[in-house]
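Please keep the sequence and the coordinates open while reading.

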Amino acid sequence: MSEPEGLDAGLIDRFAEIVGDKHALRSPQDVAPHLVEPRGLFAGRTSLVLRPASTEQVSRILALATQTGTPVVPQGGNTGLVGGQMPNRGGGEIVVSLSRLDTIREIDLESNTATVEAGVILQTLQEAAEINDRLFPLSLASQGSCQIGGNLSANAGGIGALAYGVARDLCLGVEVVLPTGEVLDDLRKLKKDNTGYDLKDLFIGAEGTLGIITAAVVKLFPRPKGRELAWAGLASPKAALDFFGIAAGMAGGALTAFELMAATPLDFVLAHVPGVRPPLEAAHPWHVLLEVSSGRSADDARALMEEILAAAFEEGAVADAVIAQSQQQAEALRHLREAMSEAQKPEGGSIKHDIAVPVAAIPEFIARADAAVTKVVKGCRPVCFGHMGDGNLHYNVSQPVGMDKAAYLEHYRAMNDAVHSIVRELGGSFSAEHGIGRLKRDELIATQPAVATDLMRRVKKAFDPAGIMNPGKVI
């Protein structure tokens, strides 16, 4: 689809009438926050941001958009990292913000579900679950601003994926507005349902290219009676793999987090984030943050953590470790891990990779990737951290000290090619949890089987024959 220049004033008025002038943002000042994304990689323009308050209003917007051929870009909390929520530079796309659809419609304690609208902030849902002695386990660094609709549209992962799965695994049903304005009401609470195609899974992870998710039924879990967090220092990724084997073997499903971090991202956090402290007395080349949970008692969780660490010390997998002695200390340890993305910014240009490989291949991937990126840019600094328990690493590469940022970022494509070629050889994925968006669309098309691309395009055409839904993203 071509990029039309701006929107007709009369058409803008027709869209604005649906939501009311107060919620049809037109001025550059009001529109600006919707055109800035976290990494600053994608600039966009729009003459109009619509903030509907109901599924019915979303339906009317999309029906008019299909009728007039007006491209629509859905936007949640605007925390996406691949440009999927950004309009193009032409100015002819409208942004539909879901932030006013922010009602938790129901918490059903007997079925352990919550029915929530797309604009509900993730942390708000977590807190509502906690008040009801339940757990919603999706956990992201952006949870204070990201929204459930965006989490589902990107199939978000995060720390809790090891034990509880990704966003798709946590969703039982959806309400979706199709590009035609039709509403698919599939807000069911069933864990078992073999009645035909599982349509909800087409919309989860589709990044708003097939329709707009307006509500969802998500799973809740009994709140653990005990949760213990520990930080360990160790010598290598191979030692971390051995440690993971010990922890998983002893804890099984009670192992609810296992995060791997190199020394470099921790050093960045200690240098640039106010108020933090080193987790251990001595420095170590690699670190692991692990959590175990118990449905029985706090004592049970503590005993399990102590047994895991004792076995890891005995096997030589861990050099040092500390168990959080209070909730405050646990939050401080979590903050060290969660701050790693933000702490890279003061270090200059960063080339990002959101990859997944089989867990057993992680040590090989890191060794090969470190060698490969150094060949692309001598003196670059690998910044590796992520969800080792499910094979997902954020393998970022910071610029050499003193190098011009713009000159470094010119190597983005070459660096991606070097890392992603290793990922493919190891049977992995170059997009584990951030999505495709604009950033990775061309690489997806170039590297996946042609039949897969063709099938995706057929699905897109069937759902969105007018081509209005988030054009230029994913496929």
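A residue is called buried when its relative accessible area is under 20%, exposed when that area is over 50%, and partly exposed in between. The model is a predicted one.

**Aromatic pairs**

Phe 203 has a relative accessibility of 3%, so Phe 203 counts as buried. Across the whole structure, five aromatic pairs are found. One of them joins Phe 203 and Phe 463 edge-to-face, with 5.4 Å centre to centre and 85 degrees between the planes. This pair links distant parts of the chain, since Phe 203 is in helix α7 and Phe 463 in helix α17 (residues 450–463), 260 residues apart. Phe 463 has a relative accessible area of 21% and is therefore partly exposed.

Phe 244 and Phe 258 also form an edge-to-face pair, at 5.1 Å centre to centre and with 65 degrees between the planes. Here helix α8 (residues 237–251) supplies Phe 244 and strand β13 (residues 255–262) supplies Phe 258, 14 residues apart. Phe 244 is buried at a relative accessible area of 14%, and Phe 258 is buried at 1%. Together with Phe 243, these two residues form one aromatic cluster.

**Salt bridges**

The structure holds 28 salt bridges. Three of them are set out below, with the distance between nitrogen and oxygen.

| Salt bridge | N to O distance |
|---|---|
| Glu 56 and Arg 60 | 3.9 Å |
| Lys 189 and Asp 108 | 2.9 Å |
| Arg 337 and Glu 259 | 2.8 Å |

Which helix holds both Glu 56 and Arg 60? Both lie in helix α3 (residues 55–68), four residues apart, or about one turn of the helix. In an α-helix there are 3.6 residues a turn, so residues three or four places apart point the same way. Glu 56 is partly exposed at 45% relative accessible area, and Arg 60 is partly exposed at 39%.

The bridge of Lys 189 to Asp 108 links distant parts of the chain: Lys 189 is in the loop between β9 and α7, Asp 108 is in strand β5 (residues 104–108), and 81 residues separate them. Lys 189 is partly exposed, with 30% relative accessible area, whereas Asp 108 counts as buried at 16%.

Arg 337 lies in helix α11 (residues 327–338) and Glu 259 in strand β13, so their bridge ties together parts that are 78 residues apart in sequence.

**Helix α15**

Helix α15 (residues 412–425) has 14 residues. From the first C-alpha to the last, helix α15 reaches 20 Å, close to the 20 Å expected at 1.5 Å a residue. Buried residues in α15 include Tyr 412, Met 415, Asn 416 and Ala 418, and also Val 419, His 420, Ile 422 and Val 423. Among the elements that cover them are β16 (350–351), β17 (354–356), α13 (362–376) and β19 (392–398), together with α14 (405–409) and α16 (441–447). Gly 427 follows α15 and has a positive phi, near 75 degrees.

**Backbone**

Positive phi values also occur away from glycine. Asp 133 has one of about 60 degrees although it is not a glycine. This residue lies in the loop between α4 (122–131) and β7 (134–135) and is partly exposed at 41% relative accessible area. Val 474, likewise a residue other than glycine, has a positive phi near 70 degrees. Val 474 is found in the segment after α17 and counts as buried, at 7% relative accessibility.

**Surface patch**

Tyr 197, Leu 199 and Leu 202 make a nonpolar surface patch of about 340 Å². Tyr 197 is placed in the loop between β9 (183–186) and α7 (200–203). The relative accessible area of Tyr 197 is 77%, so Tyr 197 is exposed.

How values were computed. Residues numbered from 1 in each chain as written. Predicted model: local features only at pLDDT ≥ 70, side-chain atom pairs only at ≥ 80, totals over all residues. Heavy atoms only, no water. Patch = residues over 30% accessible without salt bridge, like charges linked within 9 Å, V, L, I, M, F, W, Y side chains within 5 Å. Areas by Shrake-Rupley, 256 points an atom, 1.4 Å probe, with all protein chains shown as cover. Salt bridge = Lys/Arg side-chain N within 4 Å of Asp/Glu carboxyl O. Helix = DSSP H or I, 4+ residues; strand = E, 2+ residues; numbered from the N terminus. Buried < 20%, exposed > 50% of the residue type's maximum accessible area, 1.4 Å probe, protein only. Phe/Tyr/Trp six-rings, centres within 6.5 Å; stacked < 30°, edge-to-face > 60°. Expected span 1.5 Å × (residues − 1). Contact = heavy atoms within 4.5 Å.
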